[in-house]
Amino acid sequence: DATCMNHDSPDLRTRKSFSSQEQQAKERNLIAETAAGNGKAFEQLYLLYFNRLYQFIFRVTRRQEFIEEIINDVMYVVWEKAATYNHTCRPSTWILGIAYLKSLKSAEQNLIREDRSAEFDDELDYFPDSGSQWIAEVEVNNWLEVAFDKLSPDQRAVVELTYHQGLHYHEISEIMQCPENTVKTRMFHARRILSKLFLELNRRS
């Protein structure tokens, strides 16, 4: 009802606005205008996606100093390849797909990408001794932000796209260019790590 709608969080309202048919039509038109060389349309698209890309890229790379450079790389591709957008997916799926690949490339170049085998290794010890420095860090910072550092870039991308961008698994599989079951597996392991960390923090508190 209307009362419930008034209590939507800002993040939820943002996700709804991005997924609305009206918004998608607006973005498709901006992409078409960009393909025709309309610089003002491209500027609108850039401003529309800047904050969304900033959050997504930070979640994947965890390196704030490279975010604006990556955003510029992403939007350069959008400018150059706008004519190739074929309307078979949401504009956001296409743009976030470019951002995902650029983010992974940056992560690799800066040696912050973890071994993907960690996603499937149930024996890995994600929790250091109680005297480890990061435990103290968790106690004074947002635990989820610190927990994100324990995930691989692929796992962080799945969590970000699901919970913060409001996308479905089939859309995420398009963005990440992998089977939907791979997306589900990455989410399973990400949840497992975050849940284990949360329980560990409760035990230590």
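Reader: What percentage of the residues of the protein count as buried?

Author: This is a predicted model, in which local features need pLDDT of at least 70 and side-chain atom pairs count only at pLDDT 80 or more, while totals for chains, interfaces and linings use all residues. Residues are numbered from 1 along each chain as its sequence is written, and side-chain values use heavy atoms, with hydrogens and water left out. Buried means under 20% relative accessible area, exposed means over 50% and partly exposed lies in between, with a 1.4 Å probe and protein chains only. Of the 205 residues of the protein, the share that counts as buried is 41%.

Reader: How many helices and how many strands are there in the protein?

Author: Helices (H or I, at least four residues) and strands (E, at least two) are DSSP runs, numbered from the N terminus. Counted in this way, the protein has 11 helices and zero strands.

Reader: Which residues is L53 in contact with, leaving aside its neighbours within four places in sequence?

Author: Contact means heavy atoms within 4.5 Å. With those neighbours set aside, the partners of L53 are I71, V74, M75, I95, L96 and A99.

Reader: Within what arc do the buried residues of α5 fall, seen down the axis of the helix?

Author: The buried residues in α5 are I67, I70, I71, V74, M75 and V78, and they pack against α3, α4 and α6. The arc is that of the directions from the helix axis to the C-beta atoms. Seen down the axis of α5, these buried residues line one face of the helix, because they fall within an arc of 130°.

Reader: How many disulfides does the structure hold?

Author: A disulfide is a covalent bond between the sulfur atoms of two cysteines, and here it is taken as a pair of cysteine sulfur atoms within 2.5 Å. C89 is buried, with a relative accessible area of 15%, and C178 is buried, with a value of 14%. The number of disulfides in the structure is zero.
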